[in-house]
Amino acid sequence: DLRSDREIVLIAVQRDGTALRYAEELCSDRELVLAALRQDGTALEFASAELRADVELARIAVEEDESALQYVAIELQQEPEFQHIAEFL
């Protein structure tokens with residue numbers, strides 16, 4: 001299945017970050033998620049729960065597209081460190 005082929009998925013998310021939605025088996029692969037977020041911050045929606053709570057990835061997503069804030073893990077949204085980052089966007 002092409003959706004579980006890491007190299008193919010990497011190429012896909014570099015062209016369209018939201019293609020991550022089709023690669024459920026790889027949504028916890030930090031490198032793939034990072035590539036997707038650099039292309040489209042809203043791809044955070046399709047990342048694993050663990051990666052949606054990652055400060056660095058959340059910052060990158062929200063910097064790329066402020067609307068990605070809705071996909072940041074709730075517990076991270078409530079942390080003062082992340083609130084400080086979000087205030088400057």
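Student: What does Asp 29 form with Arg 6?

Tutor: Asp 29 and Arg 6 form a salt bridge, with the closest N and O atoms 2.7 Å apart. A salt bridge here is a side-chain nitrogen of Lys or Arg within 4 Å of a carboxyl oxygen of Asp or Glu. Asp 29 lies in the loop between helix 1 (6-15) and helix 2 and Arg 6 in helix 1, so the pair ties together parts that are 23 residues apart in sequence. Helices are DSSP runs (H or I, at least four residues), numbered from the N terminus.

Student: What kind of model is this, and which residues count?

Tutor: It is a predicted model, in which local features need pLDDT of at least 70 and side-chain atom pairs count only at pLDDT 80 or more, while totals for chains, interfaces and linings use all residues. Residues are numbered from 1 along each chain as its sequence is written, and side-chain values use heavy atoms, with hydrogens and water left out.

Student: Back to the pair. Is Asp 29 buried or exposed?

Tutor: Asp 29 is buried, with a relative accessible area of 18%. Arg 6 is partly exposed at 32% relative accessibility. The cut-offs are under 20% relative accessible area for buried, over 50% for exposed, and partly exposed in between (1.4 Å probe, protein chains only).

Student: Which residues are linked with Arg 6 in a network?

Tutor: Arg 6, Asp 29 and Glu 31 are linked in a network of salt bridges. The Glu 31 and Arg 6 side chains meet at 2.8 Å, N to O. Glu 31 lies in helix 2 and Arg 6 in helix 1, so this pair ties together parts 25 residues apart in sequence. Glu 31 is partly exposed, at 48%.

Student: How many salt bridges does the structure hold?

Tutor: Six. One of them joins Arg 3 to Asp 1, with the closest N and O atoms 3.4 Å apart. Arg 3 is partly exposed at 47%, and Asp 1 is exposed at 64%.

Student: What about Asp 40, where is that?

Tutor: Asp 40 sits in the loop between helix 2 (30-39) and helix 3 (49-52). Asp 40 is buried, with 17% relative accessibility. Asp 40 has no salt bridge, and the nearest side chain of opposite charge, Arg 21, is 7.2 Å away. For charge, Lys and Arg count as positive and Asp and Glu as negative; His and the chain ends are not counted.

Student: Which residues is Asp 40 in contact with?

Tutor: Leaving aside neighbours within four places in sequence, Asp 40 is in contact with Gly 17, Thr 18, Glu 64 and Asp 65. Contact means heavy atoms within 4.5 Å.

Student: New topic. Which residues have the most contacts inside the largest nonpolar core?

Tutor: Val 13, Val 33, Leu 37 and Val 72, in a core of 27 residues. Helix 1, helix 2 and helix 4 (55-64) are the elements giving two or more residues to this core, and helix 2 gives the most, with six. A nonpolar core is a set of buried Ala, Val, Leu, Ile, Met, Phe, Trp, Tyr and Cys residues joined through side-chain atoms within 4.5 Å.
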